[in-house]
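Open the model in your viewer and keep the sequence panel beside it. We'll go from the whole chain down to single residues, one selection at a time.

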Amino acid sequence: MTEKLKKVTEALLATEHGFKHIMQAGDELLEEGSGDHFTNALNLLEDSHYQSRMLGTYLLGQLSPANPKALKVLRTTVAADENWRVQEMLAKAFDYCCSAKGYEKSLPLIREWLSDSNANVKRAVVEGLRIWTSRAYFKEHPTEAVALISVHKSDDSEYLRKSVGNALRDISRQHKELIASELRHWDVSDKKSAFTRKLVEK
């Protein structure tokens with residue numbers, strides 16, 4: 001780890017909450033254009049401080065549109081991180097990747113991540129693209145957004161189901177009947193689906 005990177009990470013430790021300062025630090029490092037940002041990100045992911053791992057995740061997100069290795073590390077190493085703040089940054093990183101590539105062009109990637117066995121990977125998609133229908137492509141195709149999200153209404157992970165419920169509730173504000181129609185097809189005798197539905201209707 002370079003001296004510059006050490007100074008940046010040490011400064012981040014002084015702030016426990018928020019994401020903006022992490023992202024600003026990442027942008028400053030990327031703007032310098034010097035050093036191996038991918039390697040730096042990997043080193044940051046090994047740090048015991050979640051702020052450093054958040055920074056590493058942010059850097060990987062910025063690199064991911066052009067670097068498949070960065071995207072793979074996000075899906076594996078970062079998704080395995082137990083800190084919720086790191087998972088929030090993973091969601092932001094995934095959305096950045098899709099935004100940079102274009103949401104329509106990213107549909108195969110979105111479906112691939114939503115099919116992953118790790119709930120954190122699936123949640124990164126559901127949470128990252130909120131509000132889905134404010135995103136290009138999904139703004140014109142809200143039905144597709146609802147279909148993609150709703151697949152995980154009864155997932156074993158409550159963490160993921162909360163994200164699913166919140167994402168669908170977001171969409172219901174502009175597409176009330178679309179969400180109502182979707183919910184009519186849910187089997188609420190299933191406790192997991194019922195849990196998610198309550199969040200949608202909250």
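How many positive and negative side chains does the protein have, and how far apart do the centres of the two sets lie? There are 30 positive and 29 negative side chains, and the two centres are 5 Å apart. Lys and Arg count as positive here and Asp and Glu as negative, with His and the chain ends not counted. The place of a charge is NZ of Lys, CZ of Arg, CG of Asp or CD of Glu.

A word on what you're looking at: this is a predicted model, where local features need pLDDT of at least 70 and side-chain atom pairs count only at pLDDT 80 or more, while totals for chains, interfaces and linings use all residues. Residues are numbered from 1 along each chain as its sequence is written, and side-chain values use heavy atoms, with hydrogens and water left out.

**The whole chain**

Switch to cartoon view. You'll find twelve helices and zero strands; helices (H or I, at least four residues) and strands (E, at least two) are DSSP runs, numbered from the N terminus. The radius of gyration is 18 Å, close to the 17 Å that the globule rule gives for 202 residues, so the protein is as compact as a globular protein of that length. That radius is taken over C-alpha atoms, and the rule is 2.2 Å times the number of residues to the power 0.38. Along the principal axes, the C-alpha atoms fill a box of roughly 60 × 30 × 25 Å.

Of the 202 residues, 51% count as buried, where buried means under 20% relative accessible area, exposed over 50%, and partly exposed in between (1.4 Å probe, protein chains only).

**Stop 1: helix H1**

Select residues 3-12, which make up H1. Which residues of H1 are buried? Leu5, Val8, Thr9 and Leu12 are. They cover an arc of only 95° around the axis, which puts them on the same side of H1; the arc is that of the directions from the helix axis to the C-beta atoms. The buried residues of H1 pack against H2 (20-32), H3 and H4 (50-63).

**Stop 2**

Go to His21 in helix H2. At 19% relative accessibility, His21 counts as buried. Beyond residues up to four places away in sequence, His21 touches Leu12 and Thr15, contact meaning heavy atoms within 4.5 Å.

Next, pick Leu42 in helix H3 (residues 37-45). Is Leu42 buried or partly exposed? Leu42 is partly exposed, with a relative accessible area of 30%.

**Stop 3**

Select Leu60 in helix H4, which is buried at 0% relative accessible area. Show its contacts, skipping neighbours within four places in sequence, and you get Phe38, Ala41, Leu45, Ala70, Val73, Leu74 and Val78. Try the distance tool on Leu60 and Leu74: 14 residues apart along the chain, their C-alpha atoms are separated by 7.0 Å.

Then jump to Val86 in helix H6 (residues 84-101), buried with a relative accessible area of 1%. Among the residues that Val86 touches, not counting those up to four places away in sequence, are Tyr50, Met54 and Val78. Arg53 is another contact of Val86; this pair is 33 residues apart in sequence and 6.6 Å apart in space, C-alpha to C-alpha.

**Stop 4**

Select residues 119-128 for H8. Ten of the ten residues of H8 are buried, so this helix is largely enclosed by the rest of the structure.

Last, follow the loop between H8 and H9 (142-150), where Ile131 is found. The peptide bond from Arg130 to Ile131 is cis, with omega near -5°. Tyr137 lies in this loop too, with a positive phi near 75°, and counts as buried at 12% relative accessibility. For background, most residues other than glycine have a negative phi, and most peptide bonds are trans.
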